[in-house]
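Work through the two exercises below with the sequence and the coordinates at hand, and compare each step with the solution that follows.

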Amino acid sequence: MEFTLDQIAAILNGKVEGDGSLKVRRIDKIQEGQPGGISFLANDKYESHFYETNATAVIVSEQFKASKPFSCQIIRVKNAYTGFTRLLEAYANFSKASQLGIEEPSYFDASSQQGEEGYRAAFSYVGKNCIIGKGVKIHANAYIGNNVKIGDNTIIHAGAKICNDSIIGNNCEIHPGAVIGSDGFGFAPQENGSYKPIPQIGNVIIEDHVSIGANSTIDCATMGSTLIKKGAKIDNLVQIAHNVIIGEHTVIASQTGISGSTEIGNHCVIAGQVGLVGHIKIADKTTIGAKTGITRSIENPGKTIFGYMGLEIKDFLKSYSIFKNLPALQDRIKELEKKQ
Amino acid sequence: MEFTLDQIAAILNGKVEGDGSLKVRRIDKIQEGQPGGISFLANDKYESHFYETNATAVIVSEQFKASKPFSCQIIRVKNAYTGFTRLLEAYANFSKASQLGIEEPSYFDASSQQGEEGYRAAFSYVGKNCIIGKGVKIHANAYIGNNVKIGDNTIIHAGAKICNDSIIGNNCEIHPGAVIGSDGFGFAPQENGSYKPIPQIGNVIIEDHVSIGANSTIDCATMGSTLIKKGAKIDNLVQIAHNVIIGEHTVIASQTGISGSTEIGNHCVIAGQVGLVGHIKIADKTTIGAKTGITRSIENPGKTIFGYMGLEIKDFLKSYSIFKNLPALQDRIKELEKKQ
Amino acid sequence: MEFTLDQIAAILNGKVEGDGSLKVRRIDKIQEGQPGGISFLANDKYESHFYETNATAVIVSEQFKASKPFSCQIIRVKNAYTGFTRLLEAYANFSKASQLGIEEPSYFDASSQQGEEGYRAAFSYVGKNCIIGKGVKIHANAYIGNNVKIGDNTIIHAGAKICNDSIIGNNCEIHPGAVIGSDGFGFAPQENGSYKPIPQIGNVIIEDHVSIGANSTIDCATMGSTLIKKGAKIDNLVQIAHNVIIGEHTVIASQTGISGSTEIGNHCVIAGQVGLVGHIKIADKTTIGAKTGITRSIENPGKTIFGYMGLEIKDFLKSYSIFKNLPALQDRIKELEKKQ
């Protein structure tokens, strides 16, 4: 996409100084600006880059006064940072809105229905009895099984798989390769030492404004529902097992795994590579540090937990600082023993 | 799918009390039962829910006597739990059996063959010289390369990738997005500090009754075969490197990684986020706790191993309980030093 | 693929002893050799297998003299190991080269272009304004978004997803199910406790000779580029967050995660299940042991780092050896206390 500086100034309610007919097609950091790019200057700290940038244009604030000569065009707006984020959003929306209609071949079972203003890419698959809302984008090679419901304005990215009976809310994003509603990992041990699969007949419910990262996996419930509540944001390669509940506006970073039937509260922040055992409850507003293992419920809200087996962070760090010095500690004991 | 209570009673060899013409289309937990759902009561602990459930019907055992009024229909069977699991299996089988035939467009090389009673969804791909058994279901966007063999009644879920030369047994399930037989991670360091790929020309062999979880990856052998023995159950996002051997009826939970050429025995249980180095052997019936790192072979069967560098669990927990109290231990040493 | 021993001898510049018209179709380890397979003997240690192998043929070095009777054919070459690796490469190249042309249905937007000698499998998808080099293979169900550039001789394996604006160099391999250029995980906390997505408008740049493993995920930059430099080799299920830089000829093993804006130097070796926090720098030639957590920059090149919170390996191992003996250490303190 290419825009003239005049067009951008119009979107931002700003004023071009320089040649408004020049075109840009990229948003650059000011220190990496190249011809064809537009940058912004909102922080005095970066002002020196302004005089050296090769960006075609830079968005600046109303009151900005250059103290040296410069070669870029400028777009002057009320607040450069706000203007810039507005530009980012416009760019992102434009990019999403540009996909409309149905590419062929795509597969859409006659028993399913999709609302208007939608997009279905080539090689997207929609099974039986699905109800798909308005403005939903289904990208290439995405799979939607049977009896799936998807709310308005949700985006199913390339190669995401939404298995049978899943229910997804409005304004969600399911990123490429994510798997929603695959079988829970449930096997009954038999007397001869083998395992028999326990049928997994529940589903996954994802509420509004949820984001699920690339190649993450969310298993369906054995019975009932695995539930991701509204506003939760889940990063790439995260595993969420059967019958887990993730609270509202909880954020989970990459490669974390949550075992079966565990319930995470609202407004929690869970860092990367964390593991939680099954059948526990984590209180609201809990923060869990990277790589932490959580083996029991956290009952009081607002704690910060860290370490291999999940201690409160200050306790962990105290113990760990001594762990690093264990050789010295051992020497002190030797010394004491000698002196007896 | 909708069934009348009379139909379900017939499947379960039971008897309806109430209106047998009512229909259900879902299996609910008794405490979450809603109209249109069927639940079961097998454990006295849950009896109070029986009187409050909104489920249309509840499966109960022959000898059950209600002690209060209730509003649901009941289906009386010999043993409520057995009856319920039979219903689950019937439901799951029905669900799987309903997919038959070939949806178009699908790609199937003329040199390959597939047995009868199979299913190939739209956008499924089967390359050259494949031999695919009877009753095999290949879901949408699944990929099967060249020279692949798949046994009877195996299910290849949506978007799973089975690379060249893989051999998969009977009654397996390869869940969505799993990758079987991608190149092993082998590179020869060169004198200039770069790496040259070592051709990975082996394959993956998966025996009967194996389950591979969503988005898990199993690399082909450098030479010979990476081998997953019969009855092994592997969860989501697990990494199995080239030339690994997984024993019979071994269970591996999510996000565990097994490095090249390691051999896992039979009837092992490996929890989530475990890592094993390459070229080691794990004895039969070993249990490995979550997040454990295993750096050498485990020679005696039946041990339980745990902790960052894989100790026997009781040793790890003893050391860990002191780790948590290291600040107090350090204080005791200070006290001793003072008193000298 | 089947070759006669005479054909193989011609490729290897060697000489058959035995029946050169026999055919082989597989490369076997000598200790697992079966009819139809060809093996090699380069190490005296394995000589005993030579007399017992069932392989049809074995590649041996010029000076090899059998000390017992044997039943296989032999192909005598200057150096058995070099000959064997040449055979491996010939086999792998043959295998790759055999795919050419366009299978239908595939989707290729009219605004995009692809060089000659390429391959596009059925159900591969190429969006708008893409420039794809010579000899590029795009396998089944692979997805390439809009404005993507791919250099010569790069392979995009089955079901890999290359999102909008990505730039991939020459001679790269993107393995099955990998996701390149999905949205970075960036959300601005709002006053009401919810999160608003920050538009992610940067891209991913992958230089020449890079390998990305199966189901790995590499996020696009918020602005600018996530950058994987030439010769880097990345294993399966690795997470690389937005704005990360991976140095030249750096190797990263499976299930490692690298948080946003972190920069890894050249010639580093990072083992499996490692986690790095965001916004740090790792010096050139750093080695990081498996499962290590890295919480700050490593400034001096050539170190080996290990342990839950990233110590130098000898320091970690010293402390850890005492950790294992903490109960005994505690007993010594008790003893000292008693004796006071």
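**Exercise 1.** Determine how much area chain B and chain A bury between them, and describe the side that chain B contributes.

Solution. Taking buried area as the accessible area (1.4 Å probe) that two parts lose on being put together, summed over both, chain B and chain A bury about 4,700 Å², 65% of it on carbon and sulfur atoms. In chain B, the residues that lose the most area to chain A are B:Phe123, B:Lys291 and B:Phe323, together 12% of what that side buries. The model is a predicted one, in which local features need pLDDT of at least 70 and side-chain atom pairs count only at pLDDT 80 or more, while totals for chains, interfaces and linings use all residues. Residues are numbered from 1 along each chain as its sequence is written, chains are lettered from A in the order in which they are written, and side-chain values use heavy atoms, with hydrogens and water left out.

Next, count salt bridges (a side-chain nitrogen of Lys or Arg within 4 Å of a carboxyl oxygen of Asp or Glu): there are 2 between chain B and chain A. A:Lys196 forms a salt bridge with B:Glu89, with the closest N and O atoms 3.4 Å apart.
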